[in-house]
Amino acid sequence: MDKINYRRTELIEMGHAKSVVEQYCHCDETQAYKTKEPNGPFIIPYQHFMDWLSKNKKSN
């Protein structure tokens, strides 16, 4: 079964642009959240990230 939530670094390792992942983490409609550890990683709900990505992709 696919994971539902990914760390920010995992998405970047999967080939998503770091700038795009950062933008998602800080945008108004993000559902990313930080783990409880100090300086913990952002956790990103994958489906919402992909929906956001397709909605915000710049058309060529």
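1. Helices (H or I, at least four residues) and strands (E, at least two) are DSSP runs, numbered from the N terminus.

2. This is a predicted model, in which local features need pLDDT of at least 70 and side-chain atom pairs count only at pLDDT 80 or more, while totals for chains, interfaces and linings use all residues. Residues are numbered from 1 along each chain as its sequence is written, and side-chain values use heavy atoms, with hydrogens and water left out.

3. Within α2, the residues Val21, Tyr24 and Cys25 are buried. Here buried means under 20% relative accessible area and exposed over 50%, with partly exposed in between (1.4 Å probe, protein chains only). Viewed down the axis of α2, its buried residues fall within an arc of 100 degrees, so they line one face of the helix; the arc is that of the directions from the helix axis to the C-beta atoms. Ser19 and His26, on the other side of α2, are exposed.

4. The loop between α1 (8–13) and α2 (18–26) holds His16. His16 has a relative accessible area of 17%, and is therefore classed as buried. Apart from its neighbours within four places in sequence, His16 is in contact with Leu11, Val21, Tyr46, Phe49, Met50 and Leu53.

5. The open sheet has three strands in the order β1-β3-β2, with antiparallel pairing. Its edge strands, β1 (5–7) and β2 (33–34), each pair on one side only. Two strands count as paired if DSSP finds at least two bridges between them.

6. Three bridges connect β1 and β3 in the antiparallel sense, and Arg7 stands opposite Ile43 in β3. On the β2 side, two bridges join this strand to β3 (residues 42–45), again antiparallel. Tyr33 has Ile43 as its bridge partner in β3, and Lys34 stands opposite Phe42.

7. In a regular strand the side chains alternate between the two faces of the sheet. Both faces of β3 are covered: Phe42 and Ile44 are buried on one side, and Ile43 and Pro45 are buried on the other.

8. What packs on the sheet, and at what angle to β3? Helix α3 (residues 46–56) does so, touching β1 and β3, and its direction makes about 70 degrees with that of β3. Axes are lines fitted to C-alpha atoms, for helices over the stretch in contact, and angles run from 0 to 180 degrees between N-to-C directions.

Key:
Contact means heavy atoms within 4.5 Å.
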